[in-house]
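Here is a short report for a reader who is new to this model.

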Amino acid sequence: MRVLALRRPGECRDCACPLVVGTRAIWDGDTRTVQCLGCAEPAPTGPIPPGQVAGSSSELIPPAQSSLTSATSAAGASAQLEYQRRSQRREERIRQQHPRLGGLILALANEPTSTRVWAQGANGERKVGATLEGLAGAHVSVLHDRAMRRPDGRLSRANIDHIVVAATGVWVIDAKTHQGSLEVRRSGGLFSPRTEKLYIRGRDQTRLIEGLSKQVDAVARVLRAVDAPVAVRGVLCFVGTELPWFGEKIGDVPLVGRRGLAKLLRRGGDLTAEDREALAQFIASRFPAAV
């Protein structure tokens with residue numbers, strides 16, 4: 001048995017969860033089946049020793065080859081899977097309603113925006129993921145597409161695009177693909193409450209900050225439970241969006257592109273490479289791969 005990135009879609013032989021192309025899974029050549037990393041071994045209850053990957057056996061990935069990438073889902077996997085589900089449901093519905101002309105209708109009609117945005121989002125996550133993989137090892141430890149935890153500790157259907165452990169601490173990164181220019185509108189001040197709102201293409205998108213805040217809180221809550229004295233911060237990384245020349249932020253949340261994200265994560269800090277790896281593997285045990 002060995003861990004590899006899938007070249008074609010499949011499903012876990014144990015839990016039957018779908019495994020999209022690029023997902024790291026365990027391949028059994030004898031039975032020609034795949035097993036998701038989450039089913040390979042129960043998640044440990046404490047920090048994982050260096051050299052072992054969350055959700056896998058140390059026999060499968062020797063310490064010399066240990067990598068957090070092996071414990072993660074592929075970047076954008078959840079969004080891509082949701083796009084495929086919506087697209088398939090649409091095709092089935094149209095073919096059922098129009099048995100004779102369904103294929104022609106599908107060929108001529110564009111997919112609805114509510115479906116296309118999932119493919120667009122998956123593509124953006126993959127691009128941000130590629131930037132992060134370029135920093136992995138030397139500067140950061142990276143986890144892609146992790147399942148969210150609710151305040152009560154249960155896993156939810158929501159996901160976190162990327163969790164990165166850098167020398168400066170833990171960064172929760174939400175990848176966004178929005179067309180148009182970005183601006184932060186500020187009001188209030190001396191005699192009234194100061195407010196900051198995020199606008200993209202003239203539309204209020206402040207909800208993006210609120211969504212990121214929930215993700216940051218989820219990761220921080222897990223680390224507080226084990227008294228880990230590490231800062232947890234959030235970043236919105238935009239793909240295809242026109243950003244201000246000199247950078248921008250709302251509160252303590254940087255609003256960056258991929259180049260700005262790389263610059264941010266390269267900054268020096270107190271965490272060593274060993275610290276980063278151990279911390280990232282602990283986070284991986286608490287936030288399993290979303291797909």
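Which residues does I283 touch, not counting residues up to four places away in sequence? They are L143, I163, V165, V170 and L223. The model is a predicted one.

**The nonpolar cores**

I283 belongs to the largest nonpolar core, which has 33 residues. Six members touch the most other members: V170, L198, V219, L236, L255 and I283. Helix α5, residues 207–225, gives the most to this core. Its share is nine residues. There is also a second, separate core of 18 residues. V140, A166, V235 and V239 are among its members. In soluble globular proteins, nonpolar side chains tend to be buried together.

**A closer look at L223**

L223 lies in helix α5. Is L223 buried or exposed? Its relative accessibility is 1%, and buried means under 20%, so L223 counts as buried. Setting aside neighbours within four places in sequence, L223 is in contact with V170, A228, V232, L279, F282 and I283. Take F282 from that list. L223 and F282 are 59 residues apart in sequence. In space, their C-alpha atoms are 9.1 Å apart.

**Two packed helix pairs**

Helix α4 takes part in two pairings, with α2 and with α6.

| Helix pair | Residues | Angle | Axes apart |
|---|---|---|---|
| α2 and α4 | 77–97 and 113–135 | about 160 degrees | 8 Å |
| α4 and α6 | 113–135 and 258–265 | about 30 degrees | 10 Å |

How do α2 and α4 run, roughly parallel or roughly antiparallel? Angles over 145 degrees count as roughly antiparallel, so α2 and α4 are roughly antiparallel to each other. The crossing of α2 past α4 is left-handed. On the α2 side, the contact is made by A79, Q80, E82, Y83, R86 and S87. On the α4 side, it is made by S114, T115, W118, A119, G121, A122, E125 and R126. By class, this contact of α2 with α4 has five nonpolar, five polar and four charged residues.

Now the other pair. α4 and α6 pack at an angle of about 30 degrees. That makes α4 roughly parallel to α6. Their crossing is right-handed. From α4 come K127, V128, T131, L132 and L135. They meet R258, L261, A262 and L265 in α6. By class, the contact of α4 with α6 has six nonpolar, one polar and two charged residues.

Conventions: Residues numbered from 1 in each chain as written. Predicted model: local features only at pLDDT ≥ 70, side-chain atom pairs only at ≥ 80, totals over all residues. Heavy atoms only, no water. Axes fitted to C-alpha atoms, helices over the stretch in contact; angles between N-to-C directions. Helix = DSSP H or I, 4+ residues; strand = E, 2+ residues; numbered from the N terminus. Parallel < 35°, antiparallel > 145°, perpendicular 65-115°, else oblique. Left-handed = near helix turned anticlockwise from the far one by under 90°. Contact = heavy atoms within 4.5 Å. Nonpolar A, V, L, I, M, F, W, Y, C, P; charged D, E, K, R; others polar. Core = buried A, V, L, I, M, F, W, Y, C linked by side-chain atoms within 4.5 Å. Buried < 20%, exposed > 50% of the residue type's maximum accessible area, 1.4 Å probe, protein only.
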